[in-house]
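Okay, thanks everyone, let me share my screen. I'll talk through the packing first and then a few details.

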Amino acid sequence: MTGSPPAPQHLDLVPDALLAGRAADGDTAAFEALARRHGPQMRASARRLTGSFADADDVVQESLMQAWRQLDTLRDPAAVKGWLLRITGSRSIDHLRKRRLHADLTTVENAVEPEAGSTPPVKADPESAAVSGSRVEALKAALAGLPEEQRRCWVLKEFNDQSYEDIARTLNISTASVRGRLARARITLAREMEEWR
């Protein structure tokens with residue numbers, strides 16, 4: 001190999017597959033570039049699942065540590081983004097299980113609250129704001145009423161935009177089970193949200 005490795009700021013331009021390959025060989029700068037690139041989406045995914053910014057930060061840190069240790073198991077370096085999001089989903093669910101052992105909390109109660117800074121710049125009139133707030137509250141209540149397995153599948157699909165296969169791997173269930181749980185969740189949510197159509 002000729003020449004010196006690229007400076008860290010130039011690594012942000014390197015494709016995922018090359019970064020993942022270099023990181024698997026022990027290149028910490030390459031791994032840090034992957035973490036910078038995909039960390040925000042990992043955090044958003046963990047936030048949606050855990051309902052907490054603090055928990056999301058913990059989950060992302062744990063996910064990155066696990067990814068660093070298991071990089072040699074990644075078969076397709078170009079698919080590193082999906083792989084990181086699957087680890088994040090699994091870690092989020094593990095975190096929820098641990099939290100449930102310590103307290104009786106709902107797992108996705110705050111999942112539909114808007115992210116900081118995502119509110120529309122135009123101020124809605126009071127009636128629209130009330131209707132919108134009521135719709136969000138109704139969806140939160142409908143989600144909270146779903147069985148936990150259905151709620152997890154729905155959140156991973158609708159908020160994280162994961163494929164059926166990714167959800168199956170994250171939850172360690174079959175793809176057919178994912179499809180069934182999503183179908184039941186959608187039917188229940190459609191019925192509960194009928195008046196908001």
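So, when I say nonpolar core, I mean a set of buried Ala, Val, Leu, Ile, Met, Phe, Trp, Tyr and Cys residues joined through side-chain atoms within 4.5 Å. And keep in mind that this is a predicted model.

Which residues touch the most other members of the largest core? That would be L19, V80 and W83, out of 24 residues in that core. Helices α2 (16-24), α3 (28-50), α4 (53-70) and α5 each put in at least two residues, and α3 gives the largest share, with seven. There's also a second, separate core, this one of 17 residues, and A142, L146, L156 and L171 are among them.

Leaving out residues up to four places away in sequence, V80 touches D16, A20, L34, H38 and L74.

Now α5, residues 80-102, where you'll find T88. Is T88 buried or exposed? Its relative accessibility is 0%, so T88 counts as buried. With residues up to four places away set aside again, the contacts of T88 are M42, S45, A46, V59 and S63.

On to rings. The structure has one aromatic pair. We also get charges over ring faces: R47 sits over F53, 4.7 Å from the ring centre, and K157 sits over Y164, at 5.0 Å.

Last stop, α9, residues 175-192. At 1.5 Å a residue, its 18 residues should span 26 Å, and the end C-alpha atoms are 26 Å apart, so that agrees. The buried residues of α9 are V178, G180, R181, L182, A185 and L189.

That's me done, over to you.

Definitions and conventions:
Residues numbered from 1 in each chain as written. Predicted model: local features only at pLDDT ≥ 70, side-chain atom pairs only at ≥ 80, totals over all residues. Heavy atoms only, no water. Helix = DSSP H or I, 4+ residues; strand = E, 2+ residues; numbered from the N terminus. Expected span 1.5 Å × (residues − 1). Buried < 20%, exposed > 50% of the residue type's maximum accessible area, 1.4 Å probe, protein only. Phe/Tyr/Trp six-rings, centres within 6.5 Å; stacked < 30°, edge-to-face > 60°. Lys NZ or Arg CZ within 6 Å of the ring centre and 35° of its normal. Contact = heavy atoms within 4.5 Å.
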